[in-house]
Each structure stands twice: as structure tokens, then as C-alpha cells.
Amino acid sequence: MLPRTQLSSALKQALPRRSFASSARAFLPRTPATPLTTTPKPARRGVVSTPVVFDPQEPSHAAVREDITIPYPDEKDFHPGDLGHSMEGPDVDVGRHTRRTLASFSMHNKLGNLFARTFAESGSNAIAILDLDPEMAKTAATELVDWFEEHGEAQPGEIEAIGLGCNVANEDEVKNCFKQIVDKFGRVDVLVTAAGIVENFAATDYPADKFRKLMGVNVEGSFYCAREAAKDMMRREEKGSIVLIGSMSGAAVNIPQPQAPYNASKAAVRHMCSSLAVEWATKNIRVNCISPGYMATALTRVILDRDPELRDAWTNLTPMGRLGDPEDLKGAVIYLASEASAFTTGADLRVDGGYTLT
Ligand SMILES: NC(=O)c1ccc[n+]([C@@H]2O[C@H](COP(=O)([O-])OP(=O)(O)OC[C@H]3O[C@@H](n4cnc5c(N)ncnc54)[C@H](O)[C@@H]3O)[C@@H](O)[C@H]2O)c1
């Protein structure tokens with residue numbers, strides 16, 4: 001995590017003026033419950049009729065305000081054992097994030113949710129969340145707006161979020177969803193692809209239909225979403241940013257349980273990123289990849305709580321000696337989505353505590 005001052009400075013440069021986040025659920029926060037030291041300014045969060053809210057000339061919230069100071073607490077004040085994204089209810093999540101970061105949030109365990117909320121936290125006011133499960137997508141969108149209106153000082157109607165059911169492996173569904181998004185918000189400025197699956201089989205037992213399904217979601221899904229976003233950016237002849245979520249497993253073979261199809265799918269995402277970046281470079285569409293390491297999401301926490309040996313193995317294999325906190329990805333996604341990374345395309349940003357270096 002960047003020191004707050006650096007993060008603030010990086011964010012100030014840049015953030016997308018409008019944004020759209022994410023295939024596959026994502027989210028989060030904005031206003032800290034901790035009192036801020038700040039000079040009051042009239043809220044000005046951008047043009048509501050278009051997908052984003054951020055005005056870099058007039059930053060309106062903690063993430064981009066140099067004149068806001070968020071006091072950091074002592075480590076002893078943290079909730080013991082709280083990794084910042086538990087499923088145990090908003091009190092746990094909110095408490096932790098309120099004290100430590102730009103604001104607080106409950107992310108209900110999906111990295112996609114974290115990303116969507118991070119965009120809201122950073123000033124975006126038009127967000128679409130896609131997921132295979134339409135109800136989860138709608139709930140995620142509703143909860144995002146509710147949270148920012150209740151805790152994040154957003155005025156009613158200031159942030160619009162929609163949740164759409166979409167099987168990203170289905171080209172027609174992706175096209176239809178992006179049409180709905182453009183009809184609703186007028187444009188797509190940023191795409192983050194977080195939909196992804198992994199299934200655990202030994203290579204010799206991996207069923208062919210499951211292999212195809214995995215490739216369909218992880219590889220085809222990333223491609224169809226990137227293509228629809230890019231087509232909208234090209235149609236408008238405006239620059240845009242696409243962030244594909246890969247995995248360190250696209251560059252390293254994890255032990256003790258390598259997952260050949262998953263690893264191959266994430267390697268494909270990484271190289272797709274490089275190739276699209278070059279193909280679309282002259283269109284001012286940047287394509288970058290984030291490759292997380294072992295992250296302590298709610299999902300992996302459940303697995304690791306049941307298997308302390310695996311937790312120890314993952315921790316010991318990571319030079320930094322810990323699992324990643326989903327919060328560790330926030331700066332990375334905003335950096336790549338924003339003008340802070342204006343000359344960066346085709347990059348693979350590994351957020352893995354050094355795992356792939358050894
Ligand atoms: N969690 C980690 O430790 C970790 C590490 C490296 C990379 N990643 C990658 O990050 C991304 C998000 O991971 P996560 O931990 O949030 O996973 P998750 O399982 O919590 O969430 C993935 C989401 O994708 C959705 N999804 C599945 N199939 C879909 C489809 N066909 N169409 C649309 N949505 C679909 C699921 O409904 C789910 O909401 C994935 O691509 C994953 O490979 C995760």
C-alpha cells in the first residue's frame with residue numbers, strides 16, 4: 001500500500017473522468033468515519049449524464065484531496081485477526097477500513113466488488129457490475145450506492161450503479177450488456193475484467209468440458225469484454241483504459257498444486273493484454289494486466305482456515321511472509337485505470353508479495 005500522501009498524489013494526477021468497472025462483481029468506499037481535517041468545499045462530482053464523476057481540477061473527496069489528513073491508528077487499535085474484508089458483517093469491515101484507509105467498506109468477498117467500490121471511492125459516479133448471477137450483480141450495485149449514500153457523503157442520485165447478469169463467455173450476452181451500459185451511461189471509459197474461475201483437478205483427471213468452460217470464462221470472457229469496451233472507445237475516438245485481471249499463476253507454477261488449465265488461461269490473459277495493447281496503442285486505448293498473488297479473500301480464507309498447512313505453505317512461499325490483502329490491489333487498479341499511467345500499456349503488474357521472483 002502506498003503511503004497515503006503518495007497515493008493521493010498519484011490519484012490527483014489522474015483518475016478517469018468517467019468510469020465503468022468490471023465484469024464480475026466488484027466494489028467500494030469513500031468517506032472515513034474518522035473526522036477529517038479539511039477545508040469545506042462545495043461538492044462537485046462531475047457530470048451525472050455520463051459515466052464518471054471525477055473532476056481532477058476540483059477533487060471532491062479524500063482520495064484526491066491533498067488538504068485532507070486521515071490520521072493513522074496504532075497497530076494495537078486494529079481488530080485482532082481482521083484482514084479487512086471478512087464476511088462477518090459490515091461492522092468488521094467498516095471499522096477496519098475506516099481507520100486505516102481512505103474510507104471503509106464491506107466487500108462481500110469478491111475482488112470485482114472491491115474494484116467497483118474503489119472506483120466509487122476515487123470519484124467515479126457511473127458504475128456497471130456484471131456477473132453470471134444477475135441477482136448478485138444487482139444487489140452489489142444497490143449496496144454500493146446505498147453504502148456511499150449512507151457512509152460516503154454521496155448525495156442521492158450522485159452515484160449510479162447498475163448490475164447486469166452476463167455470462168462473459170457468451171459473446172452475444174457480452175455485446176448485449178455493453179449495449180445496455182452505453183445506452184444507460186453513454187460511454188465506457190474504463191473496464192476491469194474480474195470474472196474468473198478455477199477448478200481443482202489433477203491434470204490427468206481434468207474433464208475436457210470443464211477445461212473448455214474455464215477457458216471460456218477466463219480467456220474468451222476477458223477478450224469479449226475488452227473488445228466491446230474498446231469498440232465503444234474507438235467509436236467515440238477517445239482514450240480509454242482496460243485492466244485485465246490475470247494471476248501470478250500466469251507467470252509462475254504454484255506448488256504444491258499446480259492447476260495447468262488455470263495457469264494456462266492466466267498466461268493467455270497476460271499475453272492477450274500485451275497483444276491488445278500493441279494493436280490498440282495508436283487508438284489511445286491502454287490495456288494492462290494485474291496479476292495478484294495469493295490473496296486472502298473471503299473465499300480463500302474459508303479454504304485456508306480449514307487447511308492451516310496450506311496457509312503456512314502459501315505464506316512461506318511468499319517472500320513478504322503474508323498473503324495479499326485485497327486492499328493491496330486498490331492502488332494498482334486505480335493507477336492503471338487512470339492517467340497516472342498514461343504512458344503505460346501492455347504492462348503486467350504483479351501484486352504478489354514477491355512470489356514470482358523466487
Ligand atoms: N482471489 C485470489 O487469490 C486471486 C489471485 C489471483 C487472481 N485472481 C483472479 O481475480 C479474479 C477475481 O477473483 P475472486 O477471488 O474475486 O473470485 P470470486 O470467485 O470470488 O469471484 C469471481 C466472480 O466471477 C463470477 N463469474 C464466474 N463465471 C462467470 C461468467 N461466466 N460470467 C460472468 N461472471 C462470472 C462469479 O459469479 C464470481 O462472482 C479472477 O479472475 C481470479 O482468477 C484471484
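Which residues in α3 meet which residues in α4? In this predicted model, Asn-113, Ala-116, Arg-117 and Ala-120 are the α3 residues, and they meet Ala-140, Leu-144 and Phe-148 in α4. By class, this contact has five nonpolar, one polar and one charged residues. Helix α3 covers residues 111-121 and helix α4 residues 134-151; their axes come within 11 Å and cross at roughly 35°. The crossing is right-handed.

From α6, the contact takes in Phe-211, Leu-214, Met-215, Asn-218, Val-219, Ser-222, Phe-223, Ala-226 and Ala-230; from α7, Pro-261, Tyr-262, Ser-265, Lys-266, Ala-268, Val-269, Met-272, Leu-276 and Trp-280. Sorted by class, these residues are 14 nonpolar, three polar and one charged.

The strands come next. Four of them make an open sheet in the order β3-β4-β5-β6, with parallel pairing. At its edges lie β3 (190-193) and β6 (348-351), each of which pairs on one side only. On average, neighbouring strands of this sheet are turned by 20° against each other, direction ignored. Within the sheet, β4 (residues 240-245) and β5 (residues 285-292) run parallel and are joined by six bridges. In one of the pairings between these strands, Val-243 has Asn-288 in β5 as its bridge partner.

Methods
Residues are numbered from 1 along each chain as its sequence is written. This is a predicted model: local features need pLDDT of at least 70, side-chain atom pairs count only at pLDDT 80 or more; totals for chains, interfaces and linings use all residues. Axes are lines fitted to C-alpha atoms, for helices over the stretch in contact, and angles run from 0 to 180 degrees between N-to-C directions. Helices (H or I, at least four residues) and strands (E, at least two) are DSSP runs, numbered from the N terminus. A crossing is left-handed if the near helix is turned anticlockwise from the far one by less than a right angle, and right-handed if clockwise. Two residues are in contact if their C-beta atoms, placed from the backbone, lie within 7 Å. Ala, Val, Leu, Ile, Met, Phe, Trp, Tyr, Cys and Pro count as nonpolar, Asp, Glu, Lys and Arg as charged, and the others, Gly among them, as polar. Two strands pair if DSSP finds at least two bridges between them.
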